[in-house]
Amino acid sequence: MCVASFPKRLTEGYENFLSGRFGRERERFEELAQRGQNPEILLIGCCDSRVSPELIFDAGPGEMFVVRNVANLAPPYKPNDDYHGTSAAIEYAVMGLKVKHVVVMGHAACGGIRAFTEMQADPYMRPLAPGDFIGRWIKLLAPAAETLGPPSEPLRDWSERLNHESIKQSLANLRTFPYIATLEERGWLHLHGAYFGVATGELQILNEETGQFCQASAQAYREAFSATPRF
């Protein structure tokens, strides 16, 4: 055995990958290795283990450039001496890979959104971690929370409203990047908001003109759930 402590689940998954997808798409992987990647889509998603963009969108290797962080947040443009992993990935995808679309995808029951909601409800709440990295990061949700105002409904419902509003705020933050604003104005780059229901499998797309989220592929969704259950 190479390294006994390496997770067995990963080695088993890798073996399945070798005998399955890699075998079927070997030429694709070889082409990507030789020519490099050329994805058209940058997707900013949550690092929640239940929400895999490649799985949700049935994406093959090289099709999407994916950035995942707590609560799928895009920070505003703020160059300084701090570390900016998400901003660096955005810059590389837009300016280096020249993607044509940027999608910010939130999801139901997001732990980062819930944590912010609980902090708002209880200002005496202890830090989320010794260094409080998460607490500092999710403060990016504050402008979206201010837009909603204090909750007038159960916190769970307000949290989901904040979830949707944070997607809009992330899109606004993306437009503070000078090159993104310029490329979008020229029609070379398009920004999108999306929201995925973990339990339902429903995908909603943001209509920025109305500010509302509408169901994507409604007919396909109905057909997926119309089959008679087999017993």
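Helices (H or I, at least four residues) and strands (E, at least two) are DSSP runs, numbered from the N terminus. What you're looking at is a predicted model, in which local features need pLDDT of at least 70, side-chain atom pairs count only at pLDDT 80 or more, and totals for chains, interfaces and linings use all residues. Residues are numbered from 1 along each chain as its sequence is written, and side-chain values use heavy atoms, with hydrogens and water left out.

Let's begin at the annotated site. UniProt, in an unreviewed entry, puts the feature "binding site" at Cys-46, Asp-48, His-107 and Cys-110. UniProt positions are given here in the numbering used for this model, feature names are shortened, and annotations may be inferred rather than shown by experiment. These residues are spread over 65 residues of sequence, yet they cluster in space, with a largest C-alpha distance of 9.0 Å.

Take Cys-46 next. It sits in strand β1 (residues 41–46) and is buried at a relative accessible area of 6%. Here buried means under 20% relative accessible area, exposed means over 50%, and partly exposed is in between (1.4 Å probe, protein chains only). What does Cys-46 contact, leaving aside its neighbours within four places in sequence? Its partners include Arg-68, Ala-71, Asn-72, His-107 and Cys-110, where contact means heavy atoms within 4.5 Å.

His-107 belongs to strand β3 (residues 101–107), and its relative accessibility is 0%, so it counts as buried. Setting aside residues up to four places away in sequence, His-107 touches Cys-46 and Asp-48 from the annotated set, and its other contacts include Asn-72, Asn-163, Tyr-195 and Phe-196.

You'll find Asn-72 in the loop between β2 and α5, buried at 2% relative accessible area. Not counting residues up to four places away in sequence, Asn-72 also touches Ile-44, Gly-45, Val-104, Met-105, Gly-106, Ile-167 and Ser-170, among others.

Ala-71 has a phi near 70°, a positive value in a residue other than glycine. Most residues other than glycine have a negative phi. Is Ala-71 buried or exposed? Ala-71 is buried, with a relative accessible area of 1%. Ser-217 also has a positive phi, near 50°, and lies in the loop between β6 (212–215) and α11 (218–224). Ser-217, though, counts as exposed at 55% relative accessibility.

Now for the helices. Which residues of α6 (residues 111–121) are buried? They are Gly-112, Ile-113, Ala-115, Phe-116 and Thr-117. An α-helix has 3.6 residues a turn, so residues three or four places apart point the same way. The cover over the buried residues of α6 includes α8 (142–148) and α9 (155–174).

Elsewhere, α5 packs against α10 (residues 178–185) at an angle of about 35°, with the axes 10 Å apart. Axes are lines fitted to C-alpha atoms, for helices over the stretch in contact, and angles run from 0 to 180 degrees between N-to-C directions. The crossing of α5 and α10 is left-handed, meaning the near helix is turned anticlockwise from the far one by less than a right angle (clockwise would be right-handed). From α5 come Ile-90, Glu-91, Val-94 and Met-95, and from α10 come Tyr-179, Ile-180 and Leu-183. By class, that contact has six nonpolar, no polar and one charged residues.

Finally, the charged pairs. The structure holds 11 salt bridges, each a side-chain nitrogen of Lys or Arg within 4 Å of a carboxyl oxygen of Asp or Glu. One of them links Arg-21 and Glu-25, with the closest N and O atoms 2.6 Å apart; Arg-21 is partly exposed at 31%, and Glu-25 is partly exposed at 22%. Asp-48, listed in the UniProt site, pairs with Arg-50 at 2.7 Å, N to O. Asp-48 counts as buried at 14%, whereas Arg-50 is partly exposed at 45%. Arg-175 and Glu-184 meet at 2.8 Å, N to O, and salt bridges that share partners join Arg-175, Glu-184 and Glu-208 into one network.

Definitions and conventions. Ala, Val, Leu, Ile, Met, Phe, Trp, Tyr, Cys and Pro count as nonpolar, Asp, Glu, Lys and Arg as charged, and the others, Gly among them, as polar.
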